[in-house]
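Please read it alongside the sequence and the structure shown here.

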Amino acid sequence: MQVDAVVLDIDGVLVDVADSYRRAIIESVDRVCGKTIDRDAIQAFKDAGGFNNDWELTDAAALFVLARREGLRMNVSEFTDRVADGGGGLEAAKAVVSDLPRVAQARVRDQWDTDRLRDTFQALYLGAELYRELEGGTPPFDAPGYIHDEPTLVDPETIADLTERFDVGVLTGRPAAEAEIALARVGLDVPDAHRFTMDDWEEGKPHPRALVTLAERFDAETVAFVGDTLDDVRTARNADAADEARVYYGVGVLTGGLTGEDGRRSFVDAGADVVVDDVNELVELLA
């Protein structure tokens, strides 16, 4: 695959977030709602689309748990299928809950504390010290911080090879400060102009604007976008449709929530040009 530029997602591509972000989702919902979802359910929400922001996924998971408590007769698969049919994301999840009678909907809204969910998530993920530094306040409780439990998935040799041969950018749903921590951990130095984080754009994946903007800044004719979710692949497909001047390739990696043959098949069905076991295979894949 011949490309001029490579754009990388962070979570599930450069670092493993199974025991950090995803663990924080599960435990935040449990702490606030008294019941939670499992890891397979997190992937079902991801596959439904529109949940590049893990705070919003946490909100949607809590909404599902509370709606079930108030009588919503759906399992996770049925709920996330409806979310996907509604276009994905938190607004679609809220629309599914409208199946409940009005009184039950009101009880769900009364219990749905998104501010507390976010504070809990950040306290668990960042830990007390980073929470004070990045959030600018006192955490609701002390925690060591799951951000410190993110094994790297990319070899230093891969970073050296890619940055020597290509323009390299980053497109992630992380806040900028958390993205910087992950990039420093893997040893990838990316100028601000060559990265998009949660703080840099409102639309989120799979909207193509950020990826097209990076391609324009690189003056690239061909771009590979590497990610671990279906929305990453959809972002590349949407950019390819929106930008007639360039070619965009979607590369799925099997080190996030999508794994094995089922994961490979899901990526292909979403339009991936190629699926790799991990990001280090890019060295041989890209020319």
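Domain bounds are taken from an automatic or database domain assignment. The structure is a predicted model, in which local features need pLDDT of at least 70 and side-chain atom pairs count only at pLDDT 80 or more, while totals for chains, interfaces and linings use all residues. Residues are numbered from 1 along each chain as its sequence is written, and side-chain values use heavy atoms, with hydrogens and water left out.

The assignment gives domain 1 (5-16 + 151-286) and domain 2 (18-147), and the C-alpha centres of domain 1 and domain 2 lie 25 Å apart. Their contact, meaning heavy atoms within 4.5 Å, takes 19 residues from domain 1 and 19 residues from domain 2.

The spaces were found on a 1 Å grid over the protein atoms alone: a cavity is a set of points where a 1.4 Å probe fits but cannot get out, a pocket is an open set with protein on both sides within 12 Å along at least five of seven lines, and lining residues have an atom within 4 Å of a point. Grid points are joined across faces, edges and corners, and a volume is the space filled by probe spheres set on the points. For the residue classes, Ala, Val, Leu, Ile, Met, Phe, Trp, Tyr, Cys and Pro count as nonpolar, Asp, Glu, Lys and Arg as charged, and the others, Gly among them, as polar.

| Space | Volume | Lining by class |
|---|---|---|
| Largest cavity | about 250 Å³ | seven nonpolar, six polar, 11 charged |
| Largest pocket | about 250 Å³ | two nonpolar, five polar, four charged |
| Second largest pocket | about 200 Å³ | two nonpolar, six polar, five charged |

The count comes to one cavity of 30 Å³ or more, and of the 24 residues that line the largest cavity, the closest to its centre are Asp-11, Lys-46, Phe-51, Asn-52 and Asp-54. Helices (H or I, at least four residues) and strands (E, at least two) are DSSP runs, numbered from the N terminus. Helix H1 (21-33), H3, helix H7 (114-135) and helix H11 (230-242) each supply at least two residues of the lining of the largest cavity, which draws at least three residues from each of domain 1 and domain 2.

The lining of the largest pocket includes Asn-52, Glu-56, Trp-201 and Lys-205, and at least three of its residues come from each of domain 1 and domain 2. The second largest pocket is lined by 13 residues, of which Ala-18, Arg-22, Gln-43, Gly-256 and Gly-257 are the closest to its centre; helix H2 (residues 39-48) gives the most to this lining, with three residues.

Axes are lines fitted to C-alpha atoms, for helices over the stretch in contact, and angles run from 0 to 180 degrees between N-to-C directions. The axes of helix H3 (residues 54-69) and helix H5 (residues 89-97) come within 9 Å and cross at roughly 10°. H3 and H5 are therefore roughly parallel to each other, a term for angles under 35 degrees. Among the residues making the contact are Glu-56 and Leu-63 of H3 and Leu-90 and Lys-94 of H5; by class, it has six nonpolar, no polar and three charged residues.

Two backbone features remain. A cis peptide bond, with omega about 10°, joins Lys-205 and Pro-206, and Pro-206 is found in the loop between strand E3 (195-196) and helix H10 (209-218). Asp-219, although not a glycine, has a positive phi of about 55°, and Asp-219 is found in the loop between H10 and strand E4 (222-227).

Conventions: Angles under 35 degrees count as roughly parallel, over 145 as roughly antiparallel, 65 to 115 as roughly perpendicular and the rest as oblique.
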